[in-house]
Amino acid sequence: MKVTVSRKAHFNAAHRLYRKDWSFDKNDDVFGKCNNPNFHGHNYELIASVRGEIDKETGYVIDMKVLKDIIKSEVEDAFDHKNLNLEVPEFAKLNPTAENIAVIIYNKMKSKLDSNLELEITLYETPRNFVTYSG
Ligand code: NI
C-alpha cells in the first residue's frame, strides 16, 4: 500500500529567459517580457510529493522533518533570493523556465531520498501557471 505525502514550500527568485545564440529580436518574439535584460522575479510555490510504503514501525512514508530539511538544503538555500541565471550553477547554460527548474529540483531532491521513494515536483511560477515533473 503506497501513500503520498506532500510538503509545500516557496522561494523568491529572479530570472531571464533567453538564448545567447539568438538575436534580441528572436528572444523577444519567443520569451516576451521574460527576456527583460534586467531580469524579473517570481514567487515560486513548490509542492514536493513523496510516495512510498508506510513504514511498519513508524507509520511514516517519510519523516516530514527529513523532507523539510531536504527542501531547505536543496531548494530554499540554493534558490531563495537568488538570480537563477547568474547565481545558480545549474542554470549557467540552462534556461531557467519553470519546466527546467522543476527538473533540477526533482534531480537534486531525488538524490537525497531513499531509492524506494518516488518523488513528484509541482512548481507554481504564478498562481495560474504551474508545471509537474516526476521523472
Ligand atoms: Ni519569468
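Helices (H or I, at least four residues) and strands (E, at least two) are DSSP runs, numbered from the N terminus. With that in hand, show the cartoon: this protein has four helices and five strands. Residues are numbered from 1 along each chain as its sequence is written. The model is predicted, so local features need pLDDT of at least 70 and side-chain atom pairs count only at pLDDT 80 or more, while totals for chains, interfaces and linings use all residues; side-chain values use heavy atoms, with hydrogens and water left out.

**The whole chain**

Color by secondary structure and follow the chain along its sequence: the pattern reads β-α-β-α-β-α-α-β-β. Zoom out, and the C-alpha atoms fill a box of roughly 60 × 25 × 25 Å, taken along the principal axes.

The protein exposes about 8,200 Å², and carbon and sulfur atoms supply 49% of that. Accessible areas come from the Shrake-Rupley method with a 1.4 Å probe; for residues, only the protein chains shown count as cover. Of the 135 residues, 38% are buried. Buried means under 20% relative accessible area, exposed means over 50%, and partly exposed is in between (1.4 Å probe, protein chains only).

Contacts say something about the fold too, where contact means heavy atoms within 4.5 Å. Among contacts between residues at least 6 apart in sequence, 66% join residues at least 24 apart.

**The nickel ion**

Select the metal next. Which atoms coordinate the nickel ion? They are NE2 of His15, NE2 of His40 and NE2 of His42, at 2.0 to 2.1 Å. Donors here are N, O and S atoms within 2.8 Å of the metal (3.2 Å for Na, K and Ca); water is not among the atoms, so sites may look incomplete. Along the chain, the donors follow the spacing H-x24-H-x1-H. Click on His42: this residue is buried, because its relative accessible area is 14%.

Step back to Phe39, in the loop between helix H1 (24–31) and E2. Its phi is near 70°, a positive value in a residue other than glycine. Most residues other than glycine have a negative phi. Phe39 has 23% relative accessibility, so this residue counts as partly exposed.

For another positive phi, jump to His81, where the angle is near 60°. His81 sits in the loop between H2 and strand E3 (82–83). Is His81 buried or exposed? At 62% relative accessibility, His81 counts as exposed.

**The pockets**

Rolling a probe the size of a water molecule over the atoms shows where empty space is left. On a 1 Å grid over the protein atoms alone, a pocket is an open set of points where a 1.4 Å probe fits, with protein on both sides within 12 Å along at least five of seven lines; lining residues have an atom within 4 Å of a point. Grid points are joined across faces, edges and corners, and a volume is the space filled by probe spheres set on the points.

The largest pocket has a volume of about 240 Å³. To find it, select its lining, including Tyr18, Arg19, Asn85, Phe91 and Pro96. That lining divides into six nonpolar, two polar and four charged residues. Here Ala, Val, Leu, Ile, Met, Phe, Trp, Tyr, Cys and Pro count as nonpolar, Asp, Glu, Lys and Arg as charged, and the others, Gly among them, as polar.

The second largest pocket holds about 210 Å³ of space. Of the 15 residues that line it, the closest to its centre are Val61, Ile62, Asp114, Asn116 and Leu117. Strand E2 (40–53) and helix H2 (64–79) each supply at least two residues of this lining.

Pick Asn27, in helix H1. Asn27 is buried because its relative accessible area is 2%. Not counting residues up to four places away in sequence, Asn27 touches Tyr18, Arg19, Trp22, Gly32 and Asn35.

Move on to Val88, in the loop between helix H3 (84–87) and helix H4 (98–110). Val88 counts as buried, at 3% relative accessibility. Leaving out residues up to four places away in sequence, Val88 touches Ala78, Phe79, Lys82 and Asn83.

End at Phe130, in strand E5 (residues 130–133). Phe130 is partly exposed, with a relative accessible area of 46%. Draw a distance from Phe130 to Ala102: the two are 28 residues apart in sequence and 9.6 Å apart in space, C-alpha to C-alpha.
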